[in-house]
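Morning, everyone. Please have the model up on your screens. I'll go through it feature by feature.

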Amino acid sequence: MSSRQPVTDLTPSAEAEPILRTVNLSKSYFLGETIYAVNDVSLAIEPKEFVVIVGPSGCGKTTLLSLLGGLDRPNSGEVLLEGQSYSGLSENGLAQLRRNHIGFVFQFFNLISHLSAMENVMLPMRFGRQPRRVIRDRAGELLDMVGLSQRANHLPLQMSGGEQQRVAIARALANSPAVILADEPTGNLDSKTKTEMAELFLRLNEDFAQTFVVVSHDEGFSRYAHRVIHMQDGQLAKVEAGGR
Amino acid sequence: MRTRRELAAAVWPLALRSLRRQRGRYALMSGLLGLGIATYLLYATYLSGAGLQASLALAPFELPADVVFLGQRTLAAAELGEWERRGGVDVLAVARLTEYRTEHGTLRVLALPAASPLWEAVGAPAPEPGAILLPALFRPRAGPTISLIPPRAPEGAAPAVVAGHHTATDVVLSSMALTLLPQPGPAPNCLFIWARTEAAAASLAGTLTVDYLQPRRPLLSRADGPVLLWTGTAAALARGVVSQTYMPGAGALTMVLAFCGIGLFTVSSLSFLDRKRDLAILKTVGLESGGITAMLLLEQGFVAAAGTALAMAVAAATIPPLRGLLPAGSGLRWTSVFWGVAVGMLVQAAGVALPVLTARVATVNQLLLNLPVSLQRRRVYGNRE
């Protein structure tokens, strides 16, 4: 376990409540000895904020993101989204939370290969109660927003990596989530596409006030972020202002 | 909370896509299920005939006959030997029972060998040629060659009686005699005829058919077969009947169903492994466990429908040509179809339950990172390990 003191990043805000907050969050695994992937992390994400989490491989960034998104369960501590704690939620409760309030973007896109771009974007909305026509119209708008309306009927395998990631972003926006969590969204893309992707994130944040929490090694994201959080050995090591 | 209908409406397009995408695997599953159901239907068809013979064999010692022929030999030696070997119970007597079903009830004709331990068992002296034994309660009404007994023979523990004898030369069982079997229906209503030879017994049987059964009692069906008169326990007889009738096919059916169940489990497990990532994505974007289960059950519903249809087609194609090899009276009944489908569903459920349950309870990370999934506990967020 690191000898460094954890950085408690409870950024006070004079405005609204933090949209996403963790309190003494910890996640450990037992592999002969107890290994802390996330160790006593407290942080707060403000509405409309663009936060980037950086750190070396194995520092716990992805684990932290999984905990923030309810994809994994901590050993101790709490996560609150818009004031609602994840504690006590069943798997179904977490699924509903993810559907209505959180969008995900993964490094390897994670699109369903036998569904078209339009159908992938419609997927989160299908599980709600909206009429099909409304869902279809909304999906069309989102694909247009990310510049892929001409690829609506294409399968993921018929698209480039950058296009697939754009579809993933459109899917993440489908239910107008409170926050989008992105895990190495440009990790599988070439440098030109990485820049385009970072600019897309920036545009969505600036024009649509979308809150982002992005885990990335990519310096480009740090340039567009409001805040950059450095992690080391499962703890917050440093918090600094981003390029904005 | 969404209704089941809403869930089904949300996931059925995904189920259809999955069926199309993995159509080879689902066709294999349908084939396996169809094989299991078809095998059950064939076995049930065999059993319907074998069971009829078994039911004939279950006649308890009550002389369940309206007419009893006593003769030197009433069964072929080979048949006698076979039944004594297969009986597995304390056989009191081996005989032949013929049932004539008419509109007015059933006439049962029992043919006993002359030397039968039956008489000792009922405490009656063995009849001698020409002897006429009458029950104490009844009086003879006939002439010297035929004695007739009243319509109903004594019931309960009353001894059996031999009420007459017949020689080959007699014109026996005239219409008058046969009218004294007045009440169609179950025994006891016994008329014993002593026939010295098989030929005599055969002619009596012919007369019985002509004069008693037709034209006044149109014959609906006739069943004929060896019968055991037993004094053993019901359990012993049941074991004997089970070993004779049910066991020949039950072993094969069990193996086929086990093969089908293991095959279904293997294919559904492979399908689950291939779809782990897709299931993780669905859970990530907000599909609840109920939705996952609904989707998988819809897919299995298609498999069940296709497998059942296949089984019906196979049964319809194979049973008619095999009828000659099956026991007499065999046929496929609707109740057998119902039970065949039920057994098929049970085998299918056993085969796919584990992969479906695992898909239902696994978390996103467990699916994406191939972590072990425990079915034992429902974890609430924050469970400490």
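Let's start with the lining of the largest cavity. By class, that lining has nine nonpolar, three polar and two charged residues. Keep in mind that this is a predicted model. The largest cavity is lined by 14 residues. Which of them lie nearest its centre? They are Ser268(B), Ser271(B), Phe272(B), Arg275(B) and Leu296(B). The space in this cavity is about 130 Å³. How many cavities of 30 Å³ or more does the count give? Six.

Which elements build that lining? Four helices of chain B each supply at least two residues: helix 2 (23-57), helix 7 (234-284), helix 8 (289-322) and helix 9 (334-361). Helix 7 of chain B gives the largest share, with five residues.

A quick word on method in general. Rolling a probe the size of a water molecule over the atoms shows where empty space is left.

Next, the largest pocket. About 650 Å³ of space lies in it. Its lining counts 29 residues. Nearest the centre of the pocket are Thr62(A), Thr63(A), Ser66(A), Asp183(A) and Leu369(B). Note the chain letters there. Strand 2, helix 1, strand 6 (102-105) and strand 7 (179-183) of chain A each supply at least two lining residues, and so does helix 10 (364-368) of chain B. Which element gives the largest share? Helix 1 of chain A, with five residues. By class, the pocket lining divides into 13 nonpolar, eleven polar and five charged residues.

Now the sheets. Strands of a sheet pair through backbone hydrogen bonds, either parallel or antiparallel.

Take the open sheet of four strands in chain A. Its order is 2-1-4-5, and the pairing is antiparallel. Why is one side of strand 2 (34-45) and of strand 5 (84-85) of chain A left without a neighbour in the sheet? Both stand at the edges, each with a single partner strand, so there is no neighbour on one side of each. Inside this sheet, strand 1 (residues 20-30) and strand 4 (residues 76-81) of chain A pair over five bridges, in the antiparallel sense. Look for Ser26(A): its bridge partner in strand 4 of chain A is Ser76(A). Helix 1 (residues 61-68) of chain A packs on this sheet. That helix touches strand 1, strand 2 and strand 4 of chain A, and its direction makes about 120° with that of strand 1.

On to the other sheet in chain A. This open sheet has six strands in the order 6-7-8-3-9-10, with mixed pairing. At the edges stand strand 6 and strand 10 (235-241) of chain A, each with a single partner strand, so one side of each has no neighbour in the sheet. On average, neighbouring strands here are turned by 20° against each other, direction ignored.

Zoom in on strand 3 of chain A. Four bridges join strand 3 to strand 9 (residues 227-232) of chain A, and the two run parallel. Val54(A) stands opposite His230(A) in strand 9 of chain A. Helix 6 (residues 191-208) of chain A packs on the sheet and touches strand 3, strand 7 and strand 8 (211-215) of chain A. Helix 5 (residues 161-172) of chain A lies across strand 6 and strand 7 of chain A, at about 170° to strand 6.

Last topic: the rings. Over all chains, the structure holds eight aromatic pairs. One of them joins Phe50(A) and Phe221(A). This pair is tilted, with 6.3 Å centre to centre and 55° between the planes. Phe50(A) lies in strand 3 (residues 50-54) of chain A and Phe221(A) in helix 7 (residues 219-224) of chain A, so the pair ties together parts that are 171 residues apart in sequence.

Note on methods:
Residues are numbered from 1 along each chain as its sequence is written. Chains are lettered from A and ligands numbered from 1 in the order in which they are written. This is a predicted model: local features need pLDDT of at least 70, side-chain atom pairs count only at pLDDT 80 or more; totals for chains, interfaces and linings use all residues. Side-chain values use heavy atoms; hydrogens and water are left out. On a 1 Å grid over the protein atoms alone, a cavity is a set of points where a 1.4 Å probe fits but cannot get out, and a pocket is an open set with protein on both sides within 12 Å along at least five of seven lines; lining residues have an atom within 4 Å of a point. Grid points are joined across faces, edges and corners, and a volume is the space filled by probe spheres set on the points. Ala, Val, Leu, Ile, Met, Phe, Trp, Tyr, Cys and Pro count as nonpolar, Asp, Glu, Lys and Arg as charged, and the others, Gly among them, as polar. Two strands pair if DSSP finds at least two bridges between them. Contact means heavy atoms within 4.5 Å. Axes are lines fitted to C-alpha atoms, for helices over the stretch in contact, and angles run from 0 to 180 degrees between N-to-C directions. Rings of Phe, Tyr and Trp (its six-membered ring) pair if their centres lie within 6.5 Å; planes under 30 degrees apart count as stacked, over 60 as edge-to-face and the rest as tilted.
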